[in-house]
Amino acid sequence: MADQQAAVEEEEDIGAWRNHFLTLLDRIPMPIAVCRIDGEVHVANPAMAAEWGTAPGRLRGRSLRELFTPRSEEQIERLVRALRTGRTSRYPIEVTWRAGPDGADRRGEFTIDPIMSTHGVPPVLLAMLYVRNERPDPPPPAGVSVTEAQARILALAASGATTATIGKALGLTVDGVNYHLTRLSQRWRVQGRTALVAKAYALGVLAPGHWPPVASHDLTAP
């Protein structure tokens with residue numbers, strides 16, 4: 001009986017730490033993904049999803065090789081050799097991709113950290129993306145280019161939904177929702193949710209004359 005209780009407590013501790021990790025991941029402004037050993041995305045934070053103009057959950061199950069193009073196959077082969085031999089050093093991989101609201105060519109560098117487990121759990125890859133050609137957000141009216149996730153967040157915020165309710169509806173944490181709201185507030189140079197919603201209507205991101213509020217999809221990035 002004591003062993004069962006200990007196992008339950010250990011499982012609860014693991015669940016709590018997993019939730020803490022996901023919350024911290026959402027707060028980090030650097031694009032990060034946790035991947036399986038073959039590069040399949042298991043978890044992506046909002047910053048990574050923003051590079052593709054989508055929500056984090058929509059990157060799950062996709063391959064890093066599908067999303068990003070390595071500039072050198074030798075770097076990939078070096079990582080594969082390291083994984084086969086159980087080495088856990090950090091490995092840089094230069095990549096290019098075309099995504100985001102503007103669809104522009106982008107380039108950067110992944111730092112891949114193989115995380116090996118001692119409890120029989122398959123190893124995972126922690127992939128951190130350093131974007132090299134980041135450009136400042138354009139001033140309005142170029143600010144009407146928002147991601148699908150951001151447009152849905154704005155529509156729900158305009159309806160009076162709480163941050164927690166928005167997160168539940170979109171599969172985001174509270175911190176993930178706040179991340180997008182903060183970025184939009186900085187881009188549009190407004191303070192407060194009321195002003196942010198008003199700006200969204202003024203820029204045509206939200207369609208007038210609709211209740212509950214809806215996004216103007218023709219002005220929303222794919």
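Helix axes are lines fitted to C-alpha atoms over the stretch in contact, and the angle between two of them runs from 0 to 180 degrees between their N-to-C directions. The model described here is predicted. On that basis, the axes of α5 and helix α7 (residues 174-188) cross at roughly 95 degrees and come within 10 Å.

**Overall architecture**

- The chain contains 8 helices and 6 strands.
- In sequence order, these elements follow the pattern α-β-β-α-α-β-α-β-β-β-α-α-α-α.
- The chain has 222 residues, of which 42% count as buried.
- Of the contacts between residues at least 6 apart in sequence, 50% join residues at least 24 apart.

**Helix α5 against helix α7**

- An angle of 65 to 115 degrees counts as roughly perpendicular, and α5 and α7 are therefore described as roughly perpendicular to each other.
- On the α5 side, the residues that meet α7 are Gln 150, Ile 153 and Leu 154.
- On the α7 side, Val 177, His 180, Leu 181, Leu 184, Arg 187 and Trp 188 take part.
- Sorted by class, this contact of α5 with α7 comprises 6 nonpolar, 2 polar and 1 charged residues.

**Helix α5 against helix α6**

- Helix α5 spans residues 148-158 and helix α6 spans residues 163-170; the two pack with their axes 10 Å apart, at an angle of about 140 degrees.
- That angle makes α5 oblique to α6.
- The crossing of α5 and α6 is right-handed.
- From α5, the contact draws on Ala 149, Arg 152, Ile 153, Leu 156 and Ala 157.
- From α6, Ile 166, Ala 169 and Leu 170 contribute to the contact.
- The residues of this contact of α5 with α6 divide into 7 nonpolar, 1 charged and no polar.
- Ile 153 is listed in the contact with α6 and also in the contact with α7.

**Gln 150**

- Gln 150 lies in helix α5.
- Residues under 20% relative accessible area count as buried, and Gln 150 is therefore classed as buried, at 3% relative accessibility.
- Leaving aside neighbours within four places in sequence, Gln 150 is in contact with His 180, Leu 184 and Arg 187.
- His 180, Leu 184 and Arg 187 are among the α7 residues that meet α5.
- The side chains of Gln 150 and His 180 are joined by a polar contact of 3.4 Å.

Methods
Residues are numbered from 1 along each chain as its sequence is written. This is a predicted model: local features need pLDDT of at least 70, side-chain atom pairs count only at pLDDT 80 or more; totals for chains, interfaces and linings use all residues. Side-chain values use heavy atoms; hydrogens and water are left out. Helices (H or I, at least four residues) and strands (E, at least two) are DSSP runs, numbered from the N terminus. Angles under 35 degrees count as roughly parallel, over 145 as roughly antiparallel, 65 to 115 as roughly perpendicular and the rest as oblique. A crossing is left-handed if the near helix is turned anticlockwise from the far one by less than a right angle, and right-handed if clockwise. Contact means heavy atoms within 4.5 Å. Ala, Val, Leu, Ile, Met, Phe, Trp, Tyr, Cys and Pro count as nonpolar, Asp, Glu, Lys and Arg as charged, and the others, Gly among them, as polar. Buried means under 20% relative accessible area, exposed over 50%, partly exposed in between (1.4 Å probe, protein chains only). A polar contact is a pair of N or O atoms within 3.5 Å; within protein, one must be able to donate a hydrogen and the other to accept it, and residues adjacent in sequence count only if both atoms are side-chain atoms.
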